[in-house]
Amino acid sequence: DRPELIAESQRVFAAHQALQVELRGVFWLLRAVRKVQGVSLNELARRTGIGKPALSRLENDPAPNVQLNTLQRIAAALGKEI
């Protein structure tokens, strides 16, 4: 019983780590799009209704904690889709 629990927890942890890498990549791309478009964090905050400090944290946090609808709002504000 215990070895199965340990194996499952290791699987869940690995999946979580992989998701963090994917999220980091999504934010890297969104930040690159924002900069190419010349959109400031202030302007993105205005477009999304998300505060500038929160946007900055999301762009720079190595392990962002974010909901899919937040990603979609940011992408939409930049004319992109997730």
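Predicted model: local features only at pLDDT ≥ 70, side-chain atom pairs only at ≥ 80, totals over all residues.

I would like to begin with two helices, H2 and H3, which are roughly perpendicular to each other, a label given to angles of 65 to 115 degrees, whereas under 35 counts as roughly parallel, over 145 as roughly antiparallel and the rest as oblique. Residues are numbered from 1 along each chain as its sequence is written, and side-chain values use heavy atoms, with hydrogens and water left out.

Helices here are DSSP runs of H or I with at least four residues, numbered from the N terminus. H2 covers residues 41–48, and H3 covers residues 52–60. Their axes come within 9 Å and cross at roughly 110 degrees, where an axis is a line fitted to C-alpha atoms over the stretch in contact, and angles run from 0 to 180 degrees between N-to-C directions.

Which residues of H2 and H3 meet? From H2 there are Leu41, Asn42, Leu44, Ala45 and Thr48, and from H3 there are Lys52, Leu55, Ser56 and Glu59, with contact meaning heavy atoms within 4.5 Å.

Let me stay with Thr48, which is buried, with a relative accessible area of 9%; buried means under 20%, exposed over 50%, and partly exposed in between, using a 1.4 Å probe and protein chains only. Leaving aside residues up to four places away in sequence, Thr48 touches Leu55, Arg73, Ile74 and Ala77. A polar atom of the Thr48 side chain also lies 3.1 Å from the backbone nitrogen of Ile50.

Turning to H3 itself, the buried residues are Leu55, Leu58 and Glu59. Seen down the axis of H3, these residues fall within an arc of 95 degrees, so they line one face of the helix, the arc being that of the directions from the axis to the C-beta atoms. They pack against H1 (2–36), H2 and H4 (68–77), while the face turned away from the buried side carries the exposed residues Pro53 and Arg57.

Finally, in H4 the buried residues are Thr70, Leu71, Ile74, Ala75 and Ala77. The cover over them includes H1, H2 and H3, and the exposed residues Leu68 and Ala76 sit on the face of H4 turned away from its buried side.

Technical notes:
Polar contact = N/O pair within 3.5 Å; in protein donor to acceptor, adjacent residues only side chain to side chain.
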